[in-house]
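Here is a short report on one protein chain.

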Amino acid sequence: MPATNEIIKVLIVDDEKKACSNLRSILSEFVDVKINVAGIAHSGVEAGRLVSEVSPDAIFLDIEMPNENAFEFLARISPFNFEVIFVTAYDEYAVRAFRLNAIDYILKPISINELKNAVLKLREKLLYKKMAASGAIEYDVLAEQFFNKAKHNSITLKDINGIEVVPFKNIYYVEAQSSYSRVVFVKNAEVKEMTVTNPLSYYEDVLPTEVFFRIHRSYLINCTQLKKILNEEVIANDGFAIPVSRRRYNSLIDFLKTNGVQ
């Protein structure tokens, strides 16, 4: 599904002024010229005022700030309609961030490629919300999967050869392939794969977050299918070896402990 190309109104919230200007420059010069930075705040109090004035589509949010951290800020103004992309130097907050259904979690110093991926995911999320709100018939199934994933235990996959209904538990992993994804799963004791048109970020949103974890920019894994964890890769059932990003290794361990799947 193509992402919307409309202007996205965002806020940048970080107590470091240099970090704000740096992020603003990277967004406009290297990521997406249709990102409109409608305001910058250096505290939760300032951010709260700007949210009321601007009604942003999304916030790029630092976690550690004086007096009130990002989680306290979000709890104070909840419920809110904007999306959240965390930008922080602290990796230990990743699991909590993802449990809050943030669009992404970017570590400082900022990688332009990671920021581009985050903005792509943001555009996709905003498109899903727009389609669901408009009641577009062709998006009914996708919207149901996206917004009600907890009510389902399977997903419908479609490629040029046909359609498969795959239980979540039978998926080994999903691999990003540019704007497509390769889904590897087991059916009738046979390992199968399908290349589907949705990007990896779509499956990161649709599949249950208490089981699936993004261990690498290119891989989303089913943690119940893990057999062994090494420093730079995980071994899944049927012997699949999948690389783990160094940045995400500790977060994976925390995720497994938190969700009781180790």
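A nonpolar core is a set of buried Ala, Val, Leu, Ile, Met, Phe, Trp, Tyr and Cys residues joined through side-chain atoms within 4.5 Å. Buried means under 20% relative accessible area. The model is predicted.

The largest nonpolar core holds 25 residues. Ile59, Leu61, Phe73, Phe86 and Tyr105 have the most contacts inside this core. At least two core residues come from each of β1, α2, β3, α3, β4, α4 and β5. The top contributor is α3, with five residues. A second, separate core has 22 residues, including Ile8, Ile12, Ile106 and Ile110.

What does Phe73 touch beyond its neighbours within four places in sequence? Its contacts are Gly44, Ala47, Gly48, Val51, Ile59, Leu61 and Glu68.

Now the sheet. Five strands form an open, antiparallel sheet in the order β10-β9-β8-β12-β11. β10 (190-196) and β11 (212-216) stand at the edges; each has a single partner strand, so one side of each lacks a neighbour in the sheet. From one strand to the next, the twist averages 20°. Within the sheet, β8 (residues 171-177) and β9 (residues 180-187) pair antiparallel over six bridges. Val174 sits opposite Val183 in β9.

The chain totals follow.

| Property | Value |
|---|---|
| Chain length | 262 residues |
| Residues that count as buried | 51% |
| Secondary structure | eight helices and 15 strands |
| Accessible surface | about 13200 Å² |
| Share of that surface from carbon and sulfur atoms | 48% |

Among contacts between residues at least 6 apart in sequence, 54% join residues at least 24 apart.

Technical notes
Residues are numbered from 1 along each chain as its sequence is written. This is a predicted model: local features need pLDDT of at least 70, side-chain atom pairs count only at pLDDT 80 or more; totals for chains, interfaces and linings use all residues. Side-chain values use heavy atoms; hydrogens and water are left out. Helices (H or I, at least four residues) and strands (E, at least two) are DSSP runs, numbered from the N terminus. Buried means under 20% relative accessible area, exposed over 50%, partly exposed in between (1.4 Å probe, protein chains only). Contact means heavy atoms within 4.5 Å. Accessible areas come from the Shrake-Rupley method with a 1.4 Å probe; for residues, only the protein chains shown count as cover. Two strands pair if DSSP finds at least two bridges between them. Axes are lines fitted to C-alpha atoms, for helices over the stretch in contact, and angles run from 0 to 180 degrees between N-to-C directions.
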